[in-house]
Amino acid sequence: MADTAGFDVIILGGGSGGYAAAFRASELGMSVALIEKDKVGGTCLHYGCIPTKALLHAAEVADNSRESEQFGVKTSFEGIDMAGVNAYKDGVVARLYKGLQGLVKANKVTYVEGEGRLVAPNAVEVGGTRYEGRNVVLATGSRSRTLPGLEIDGTHVLSSYEALTLDRVPSSVVVLGGGVIGVEFASVWRSFGAEVTIVEALPRLVPLEDEASSKVVERTFRKRGIGFKTGARFAGVEKRDGGVTVSLENGETIDAEVLLVAVGRGPVTEGLGYEENGVTLDRGFVVTDERLRTGVPGVYAVGDIVPGLQLAHRGFAHGIFVAEEIAGLNPVPVDDLGIPKVTYCDPEVASVGLTEAQAKERLGDDKIETIEYNLAGNGKSQILKTQGFAKLVREKDGPVIGVHMVGARVGELIAEAQLIYNWEALPDEVAQLIHPHPTQSEALGEAHLALAGKPLHVHG
């Protein structure tokens, strides 16, 4: 067996968390081996965030071309060319992948292609070669989950992976799961012309968001003709000629061409030697402390395998944190509440911090204050013909502890909101800052003006 010893850091997994750790460790002067069985960039770049957002942009273009007369522009919508859409999507991914491969070389990272396995607290084996290092970072990511007995066949029953490579627009779809992945695909397929029904076991769509955000999404989805059944539990699926029949526990059935299973993502940790080498798992997730250390000295975990938000930008933050921790820089731990979340359906949903319900639970009903600024008062939102709001949750006489937004392009506004949350800004402090007019960013400014007791363009 070949031996490759002497790395400062060995990273198992080349997705968002893994490559971020590799680049930062290399910048800090450490020798790094990055092991990846598929392609550097992982799920996010190849099968997740990037390709789905490309589809969502194509969906927006489709809607704009259909509805252009409301802006006084005459176009005709002739249909969706899925080969063309996929070529556009794949082109975006290919350019980013090429750039990322260049960064691996520029950062002088030893890139090892192949399936790695933890064989000792300081060693990973890949195809008979043993790589040893002072520190090991587990970054093996997540995969699409399904329900017991529900088999993904890639033809009629799809995960997000197969949904991204479809060569046609299905005539009708049942989306099982009304969380981020479910509502994004529902939004795409509706814009592409499919009949869509979402089935969600919890009482509302995007159930992890503030209840007010869910209400706007549901209202807009109804207007768009997207069907949804909330508080509805899946019972089974039968394949039939040309499609599926989905049955619910209440006895209802829904016929469709395909069923998309979007019930979340599970950690990829099985059979990788983690437990055998002392790493504690809980329902497949790696248990760490707030400094992302496992119970095994010198072994860290980052990204989707660590319980909490499953987001690429959390992976980047984890990777940078761990590299700096290994280098002895004593970085500030990553706080999940301070991480912005965006759902890219139409309308977009973006948030950071606590929901109103969470804030009341933590502080008590009488200790919080909320305000909703309606986008009806925002000039740029009127130009875009979008509806929605910016909602603030604050501690009474204290900082803003939650920001929630719904409407076109609000994902681009959440970066400012996460600064407000993470710097524990008071409404009066944000109210002093001047937002450019006319932009949607003014919605955040206006909401803080109102919360500071000096509203300007506020509609009741």
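Modeller: Start with one cut-off: buried means under 20% relative accessible area, and exposed means over 50%. Keep in mind that this is a predicted model.

Colleague: What makes helix H13 largely enclosed by the rest of the structure?

Modeller: Count its residues. H13 covers residues 442-451, and ten of the ten are buried. Each of them is therefore under 20% relative accessible area. So the helix is largely enclosed by the rest of the structure.

Colleague: Which residues of H13 are buried?

Modeller: Among them are Glu442, Glu446 and His448. Leu444, Leu449 and Leu451 are also on the list.

Colleague: What do the buried residues of H13 pack against?

Modeller: The strands are E22 (368-374), E23 (389-395) and E24 (400-407). The helices are H11 (414-422) and H12 (427-431). After H13 comes Gly453, with a positive phi near 85°.

Colleague: Why is His437 called exposed?

Modeller: Set the value against the cut-off. His437 has 62% relative accessibility, and exposed means over 50%, so His437 counts as exposed. His437 lies in the loop between H12 and H13. The UniProt annotation "active site", from an unreviewed entry, covers His437.

Colleague: Is Gly177 buried or exposed, and how do you know?

Modeller: Its relative accessible area is 7%, and the cut-off for buried is under 20%, so Gly177 is buried. Gly177 is found in the loop between strand E9 (172-176) and helix H6 (180-191). Leaving aside neighbours within four places in sequence, Gly177 is in contact with residues including Ile198, Val199 and Glu200.

Colleague: And Gly178: buried or exposed?

Modeller: Gly178 has a relative accessible area of 0%, which is under 20%, so Gly178 is buried. Gly178 is also in the loop between E9 and H6. Beyond neighbours within four places in sequence, its contacts include Leu205, Val206 and Pro207.

Colleague: UniProt also places a "binding site" at Lys53, Gly116, Thr140, Gly141, Ser142 and Asp304. How do you know whether these gather at one spot?

Modeller: Look at the span and the distance. They span 252 residues in sequence, and the farthest two C-alpha atoms are 30.1 Å apart, so they do not all gather at one spot. This too comes from an unreviewed entry. Still, Gly141 and Asp304 touch.

Colleague: Why is Gly141 called buried?

Modeller: Gly141 has a relative accessible area of 19%, and the cut-off is under 20%, so Gly141 counts as buried. Gly141 is found in the loop between strand E6 (129-138) and strand E7 (142-144). Not counting residues up to four places away in sequence, Gly141 also touches Gly266, Pro267, Val268 and Ile305.

Colleague: Why does Asp304 count as buried?

Modeller: Its relative accessibility is 17%, and buried means under 20%, so Asp304 counts as buried. Asp304 is found in the loop between strand E19 (299-301) and helix H8 (312-326). Residues touching Asp304 include Ser142, Arg265 and Phe285.

Colleague: What makes Thr343 buried?

Modeller: Thr343 has a relative accessible area of 1%, which is under 20%, so Thr343 is buried. Thr343 is found in strand E20 (residues 341-343). Leaving aside neighbours within four places in sequence, its contacts include Val180, Val183 and Glu184.

Colleague: Last one, the whole chain. How do you know whether its radius of gyration agrees with a compact globule?

Modeller: With 460 residues, a compact globule would have a radius of gyration near 23 Å, and the chain has 23 Å, which agrees. The C-alpha atoms fill a box of roughly 70 × 60 × 45 Å along the principal axes. Of the 460 residues, 52% count as buried. The chain has 13 helices and 24 strands.

Note on methods. Residues numbered from 1 in each chain as written. Predicted model: local features only at pLDDT ≥ 70, side-chain atom pairs only at ≥ 80, totals over all residues. Heavy atoms only, no water. Helix = DSSP H or I, 4+ residues; strand = E, 2+ residues; numbered from the N terminus. Rg over C-alpha atoms; globule rule 2.2 N^0.38 Å. Buried < 20%, exposed > 50% of the residue type's maximum accessible area, 1.4 Å probe, protein only. Contact = heavy atoms within 4.5 Å. UniProt positions renumbered as here; feature names shortened; annotations may be inferred.
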